[in-house]
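Subject: Structure handover

Hi,

Here is the structure I promised to pass on to you. Have a look at it first, and then read my notes below with the model open beside you.

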Amino acid sequence: MESTAIANANIALIKYWGKTDREANIPAVGSVSLTLSHLWTRTTVAFRPALKNDRLFLNGRPAGQQNLDRVVRFIDEVRLRCQTGHRCEINSINSFPTAAGLASSASGYAALAMAATHAAGCPLSLEETSSLARLGSGSAARSVFGGFVELPAGETARPPVAVQIADENFWPLAVLVAVTDDAPKFISSRAAMEVTQRKSPFYDAWAKASVNDLENMRSALQRRDFEVVGALAEHSALKLHGLMMSSRPGLLYWNAGTMAVIQEILKMRKDGLAVYFTIDAGPQVKALCRREEQAAVADRLLALPGVRNLILAGPGPSARVEEQS
Ligand code: DP6
């Protein structure tokens, strides 16, 4: 009745933004991500007959009502599939700042899907775990798999299934996460996505262009063409943030530190270092480079006053259950 699972966060190289079905959490555009080492969520779920309500602790503290409600809805789905009526206690710990645009909902729901189904006695395949995790958060469907992962677009009648393009040993890239603010973001990606989809005049163009971006990213990954992967990732990130800025109200996740990191990365490229950036829904910047250049890139980023913390990562593994000792 109790199980612990670990899942790693991911960065989107081609971004998911917008849904065709909000209830079933179905993306309107396909996305490609890299699962990250060193950034993970570890979640323990214990179903207890004596409990009257589900309980949720995040990083050791009782979670707020909004997080709890979302998790209870998710666990209701697990109860349905696993045919149990018991309530549970959930303890979830992140190795990185929570809700600050570092994909905590991705690793969070991936770990929760795996821990909860194991604890309820109905373990699923990785593919099924990923489809379940998607109901919690779109990006969580990708975090169930290690390495490079694609989550296609879908519709209510044809929900998408995430696929691993290549595992974590395929290409030893480095990802440097420059944390410029570790406070929770001012608007969740879920809410921001909804505003943008309804209120940006450019949303349809964004969705249309993503088809080509995906195609190009898939083929660049297969060739291990770092410059093309980097340039496409940067393009998708800038396009996403431009899209958010164009909605009403305009949404801007960046701070002065975000801008400083972007400019430093552009300077590094001028100086001959192959480094590219991507930014999800938050002010943190992720620098992407080859492992040989990680130390040089880290030195330059750490010298910036706006960088509060630098997390060094690479390709990370699939979600897994922690064996009890
Ligand atoms: C910018 O997966 O957090 O990180 O499905 O509503 O939970 P919900 O949204 P979420 O959005 C992620 C947005 C992004 C891009 C990406 O990860 O592809």
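Helices (H or I, at least four residues) and strands (E, at least two) are DSSP runs, numbered from the N terminus. His 38 has a phi near 70°, a positive value in a residue other than glycine. With a relative accessibility of 53%, His 38 counts as exposed. Here buried means under 20% relative accessible area, exposed means over 50%, and partly exposed is in between (1.4 Å probe, protein chains only).

Before you go on, please keep in mind that this is a predicted model, in which local features need pLDDT of at least 70 and side-chain atom pairs count only at pLDDT 80 or more, while totals for chains, interfaces and linings use all residues. Residues are numbered from 1 along each chain as its sequence is written, and side-chain values use heavy atoms, with hydrogens and water left out.

Asn 59 also has a positive phi, about 50°, although Asn 59 is not a glycine. You will find Asn 59 in the loop between β5 (55-58) and β6 (61-62). Its relative accessible area is 39%, so Asn 59 is partly exposed.

Now compare Phe 96, in the loop between β7 (87-94) and α2. Is Phe 96 buried or exposed? Phe 96 counts as buried, because its relative accessibility is 5%. The C-alpha atoms of Phe 96 and Leu 39 are separated by 6.1 Å, and these residues are 57 apart along the chain.

The peptide bond from Arg 248 to Pro 249 is cis, with omega near 5°. Pro 249 belongs to the loop between α7 and α8.

Next, the strands. Two strands pair if DSSP finds at least two bridges between them. Strand β1 (residues 2-14) has 12 of its 13 residues buried, so β1 is largely enclosed by the rest of the structure. β1 pairs with strand β4 (residues 31-48) in the antiparallel sense, over 11 bridges. In that pairing, Thr 4 stands opposite Thr 44 of β4. β1 also pairs with strand β14 (residues 320-322), again antiparallel, over three bridges. There, Ile 6 stands opposite Arg 320.

Elsewhere, four strands form an open sheet in the order β11-β12-β10-β13, with antiparallel pairing. Its edge strands are β11 (275-278) and β13 (309-313), each of which pairs on one side only. On average, neighbouring strands of this sheet are turned by 25° against each other, direction ignored. Axes are lines fitted to C-alpha atoms, for helices over the stretch in contact, and angles run from 0 to 180 degrees between N-to-C directions.

How many residues of β10 are buried? Seven of the seven are, so β10 is largely enclosed by the rest of the structure. In a regular strand the side chains alternate between the two faces of the sheet. In β10, Leu 173, Val 175, Val 177 and Val 179 point one way, while Ala 174, Leu 176 and Ala 178 point the other way. Six bridges join β10 to β12 in the antiparallel sense, and Ala 174 stands opposite Cys 289 in β12. Five bridges join β10 (residues 173-179) to β13, also antiparallel. Val 175 stands opposite Ala 313, and Val 179 opposite Asn 309.

Finally, two helices meet. The axes of α2 (residues 104-119) and α3 (residues 126-136) come within 8 Å and cross at roughly 120°. Contact means heavy atoms within 4.5 Å. Tyr 109, Ala 110, Ala 113, Met 114 and Thr 117 of α2 make the contact with Leu 126, Thr 129, Leu 132, Ala 133 and Gly 136 of α3.

Enjoy exploring!

Best wishes
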